[in-house]
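Biologist: I would like to learn how to read a structure like this one. Could we go through some features in turn?

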Amino acid sequence: MKKKLKWLINVATICLCLCAIAIGVYAAKQASLTATGTIGFTATNVYAEVSGQTTNAQTEVTFDKILIDSTKTGNPYTDTSTWSGKNINFNEEGAPITLTFTITNLSTGRPLYAKVTNTSSATNLNVKVNETDFTETEWLTISAKTEGSTANTTTVVISLSVANDNESVTGSYGFNIQLQSTEPVVEEVVLDSSTYTTLTFSYIDESAKTLSVVANSSNKPTGDLIIPSKVIFNGEECTVVSIPDTNPGAKSSFYDCTGITSITLPSTLTSIGMYAFSGCGGITGTLIIPDSVTNLVQYAFQDCSNITEVVIGKGINIINTAVFLRCTNLQCVYVGENVTSISDGVFSACRNMKYIYFGTNVTNIGGSAFQSCTSLDTIYFTGTEEEWNAITIGTDNEALTNATKVYNYVV
């Protein structure tokens, strides 16, 4: 069986896509496959590299890396000349054509999201994405790198094969690969509140149908905690907007839920209360505070000793007292661009913190905010040295004032 693939690549278009792939007609017992497409990129807040490769070809072709840098003025794409049109000949019995895209997130402090969506009308064609039969893929998250570390990479593998060699392929096949740095809004299936056996919901405002959520005191959550944005509560669809203050003596909210290993907070959440997750030492990896959160109350993540990275969303103006006190394995913090004030003791005793990123809206850093941050190495500041020097910095912040400063930094 002969398969012939012709792939025309043009990087002048706007979205990252391989679209409208024309499928040739398969005659009985013998088939040929011809495909043409266009590939380009969106670059909003994206700093990444993309490379491509075909396999199972007589002449294997590698498409060199393209740097996508939205921080530059003018055309953000470089090294695009290597993505010219190429002819690829296939001749392997029953072997699929495999298109592989490797996506590397070069950004520090911002995760990158990738997703494949279907634009196919072809029949008699088997398609797999990352070895899964293709319907529509989930968003793939490519974590932001920590300064000095290796950039994070993910791979999207798209496999095309003939479903039945004795039948013709009709229609056309296409797909889009979307890249973005903002957290995607994923349509959520709204379930009854009783489904969440480790969570307890309560009305905040019954007329507005808004709810708070805490741990079920008799069946506390463990493992990956995913808090839903909406649930059916008392027969009505309601929105989860708050994790309330905790009484440490009563250990309410999620206080001291040591079995939780990760947290996903909903995009509807507006408030995280006092001591809400204090003592949750099992949480590891990256903690993302959604842009929807406007109120981050004192001691909220105190003693979450195994969190390694924190990304604070755009909704926060004030980081209240000791929110991340004694997060002893915290290494990297991205302070949201709208934060104006970091209160007393916020990062005190975060002794493994190495890097922190500030926007130009910060005007005040409270006393002991960075006390005992003995590993703090570098401050990345999006403003000028003069703007940094205008910030009011309280006492007992020698770790901050002595750290190396990088000015005019672009995240």
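**Reading the model**

Modeller: Start with S341, which counts as buried at 15% relative accessibility. Keep in mind that this is a predicted model.

Biologist: In which strand is S341 placed?

Modeller: S341 lies in strand 29, which covers residues 341-342.

Biologist: Which residues is S341 in contact with, leaving aside its neighbours within four places in sequence?

Modeller: Those residues are N317, I318, I319 and N364. With N364 there is also a polar contact between the two side chains, at 3.4 Å.

Biologist: Now the nonpolar cores. How many residues has the largest one, and which have the most contacts inside it?

Modeller: The largest nonpolar core has 62 residues. F254, I272, F277, F301, F347, F358 and F370 have the most contacts inside it. Take F358 as an example: beyond its neighbours within four places in sequence, its contacts include V335, I342, I365, W388 and L400. F370 is also among the contacts of F358.

Biologist: What is a disulfide, in general?

Modeller: A disulfide is a covalent bond between the sulfur atoms of two cysteines.

Biologist: How many disulfides are counted here?

Modeller: The count is 0, with a cut-off of 2.5 Å between the sulfur atoms.

Biologist: Are C257 and C280 buried or exposed?

Modeller: C257 counts as buried at 2% relative accessibility. C280 counts as buried too, at 0%.

Biologist: What is the mean pLDDT of the protein chain?

Modeller: The mean is 78, and 70% of the residues reach 70 or more. Over residues 1-42 the pLDDT is below 50, although this stretch has 154 contacts in the model beyond near neighbours in sequence. Residues 72-93 also have pLDDT below 50, with 69 contacts counted in that way.

Biologist: How should regions of low pLDDT be read?

Modeller: Where pLDDT is low, predicted coordinates should not be read in detail.

Technical notes. Residues are numbered from 1 along each chain as its sequence is written. This is a predicted model: local features need pLDDT of at least 70, side-chain atom pairs count only at pLDDT 80 or more; totals for chains, interfaces and linings use all residues. Side-chain values use heavy atoms; hydrogens and water are left out. Buried means under 20% relative accessible area, exposed over 50%, partly exposed in between (1.4 Å probe, protein chains only). A nonpolar core is a set of buried Ala, Val, Leu, Ile, Met, Phe, Trp, Tyr and Cys residues joined through side-chain atoms within 4.5 Å. Contact means heavy atoms within 4.5 Å. Helices (H or I, at least four residues) and strands (E, at least two) are DSSP runs, numbered from the N terminus. A polar contact is a pair of N or O atoms within 3.5 Å; within protein, one must be able to donate a hydrogen and the other to accept it, and residues adjacent in sequence count only if both atoms are side-chain atoms. pLDDT is the predictor's confidence in each residue, from 0 to 100.
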